[in-house]
Amino acid sequence: MAEEQFLAVAVDAAKSAGEIIRKSFYLTKNVEHKGQVDLVTETDKACEDLIFNHLRMLYPDHKFIGEETSAALGSTDDLTYDPTWIVDPLDGTTNFVHGFPFVCVSIGLTIGKIPTVGVVYNPIMNELFTAVRGKGAFLNGSPIRTSPQNELVKALMVTEIRSIRMCGSLALNMCGVACGRLDLCYEIGFGGPWDVAAGALILKEAGGFVFDPSGDEFDLMAQRMAGSNGHLKDQFIEALGDAS
Ligand code: MG
Ligand code: MG
C-alpha cells in the first residue's frame, strides 16, 4: 500500500535526521563558544537537507514545504492538491540549545490537501509517533488513544504563547494529547504548517479533535490550532471563547 510505504520512508528520514540532532544535542556544551545560533541553524538546515534529499530521490514529482527552505525563500509555498511533504526538521530549537529534551523531527504528507501520513520523532527520548490516515496512531509501534478525561477543570492543558514556554514543541504537544499524557493543547501564531502537519493527523488518528481555537474547522495553513481528547472539544471552545 502506497501510504504504508510513504510512512516507512518518512520514518527512515526522521530517524536519520534524529541521529544528527542526537549527536549535536550532546555536543552543545563543547561548541557553545562558536555561537548557539549558528549551531542551531546548521543542525536545522542539515536535517532539512537530509530529509528532503531522501524524499526527493524517491519521489521527484512530489512537492515539498520545509521550515528552513521557507525561511531562506522568505515565503511559504501554497499548499496544492499534489502530494506534499511538510517538514519541520527540528521543532523545539530553543530546547535544543538548552539541552532540554523536548525536541523532535516532524514530517507530514498531505495528498489532495488532506494530512495522510504523520511522523513525529523525539530522538532524545526515543519516542516515535506515527499515523496513517484511517489506520490509527502509534507510539513506538503501540496504538495510542487520547485520555478519557471529560471534566475541563481536571484537564491538563499545554500551550505555547509569546515567550512563556511550556514544552517548546507544538508537534510534541499534539502527540502528548494523542497518547493521553495531556488533554488539551492550543497555539496561535506558530511558525507554519510544518509544526502541525504530522501532529494533527496523529492526534486525530488517536481519537482526538483538531480544530481552530474559534471552533471553526482546522486549516493547516492558518497558524492556528487547538486540540483535545475525544471529550473536551466543546467545553474547550467555550472556555477559549470566554478567555478572548
Ligand atoms: Mg523548526
Ligand atoms: Mg517548529
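**Note on a predicted model with two bridged magnesium ions**

1. Asp88 bridges the magnesium ion (ligand 2) and the magnesium ion (ligand 1), and these two ions lie 3.5 Å apart. The model is a predicted one, in which local features need pLDDT of at least 70 and side-chain atom pairs count only at pLDDT 80 or more, whereas totals for chains, interfaces and linings use all residues. Residues are numbered from 1 along each chain as its sequence is written, chains are lettered from A and ligands numbered from 1 in the order in which they are written, and side-chain values use heavy atoms, with hydrogens and water left out.

2. Donors here are N, O and S atoms within 2.8 Å of the metal (3.2 Å for Na, K and Ca), and since water is not among the atoms, sites may look incomplete.

3. The magnesium ion (ligand 1) has Glu67 (OE), Asp88 (OD) and Leu90 (O) as its protein donors, at 2.0 to 2.3 Å, and in sequence their spacing reads E-x20-D-x1-L. Buried means under 20% relative accessible area, exposed means over 50%, and partly exposed lies in between (1.4 Å probe, protein chains only).

4. Taken as a whole, the chain has seven helices and 11 strands; helices (H or I, at least four residues) and strands (E, at least two) are DSSP runs, numbered from the N terminus. A compact globule of 244 residues would have a radius of gyration near 18 Å, and the 17 Å of this chain agrees with that; the radius is taken over C-alpha atoms, and the globule rule is 2.2 Å times the number of residues to the power 0.38. The C-alpha trace spans about 45 × 45 × 35 Å along its principal axes, and 52% of the 244 residues count as buried.

5. Of the contacts in the chain with a separation of 6 or more, 62% are between residues 24 or more positions apart, where contact means heavy atoms within 4.5 Å.

6. The largest nonpolar core has 36 residues, and those with the most contacts inside it are Val120, Phe129, Ile144, Val196, Ile202 and Met225. Two or more residues of this core come from each of strand E5 (127-132), strand E6 (137-139), helix H5 (170-178) and helix H6 (197-205), and H5 gives the largest share, seven residues. Apart from this core lies another, of 30 residues, among them Phe6, Cys47, Ile124 and Val132. A nonpolar core is a set of buried Ala, Val, Leu, Ile, Met, Phe, Trp, Tyr and Cys residues joined through side-chain atoms within 4.5 Å.

7. Residues up to four places away in sequence being left aside, Met225 touches several residues, including Leu170, Met174, Tyr186, Phe190, Val196, Phe211 and Phe218.

8. Helix H6 is mostly covered, with eight of its nine residues buried, including Ala197, Gly199, Leu201, Ile202 and Glu205. Just after H6, Gly207 takes a positive phi of about 100°.

9. In helix H7 (residues 233-243), Phe236, Ile237 and Leu240 are buried. Seen down the axis of H7, the buried residues fall within an arc of 100°, so they line one face of the helix; the arc is that of the directions from the helix axis to the C-beta atoms. On the other side of H7, Asp234, Glu238 and Asp242 are exposed.

10. Val9 lies in helix H1 (residues 2-31) and is buried, with a relative accessible area of 11%. Not counting residues up to four places away in sequence, Val9 touches His54, Leu55, Leu58 and Tyr59.

11. Two loop residues deserve a look. Most residues other than glycine have a negative phi. Lys113, in the loop between strand E3 (104-111) and strand E4 (114-122), has a positive phi near 70° and counts as partly exposed at 36% relative accessibility. Asn140, in the loop between E6 and strand E7 (142-143), has a positive phi near 45° and is partly exposed, with a relative accessible area of 46%.
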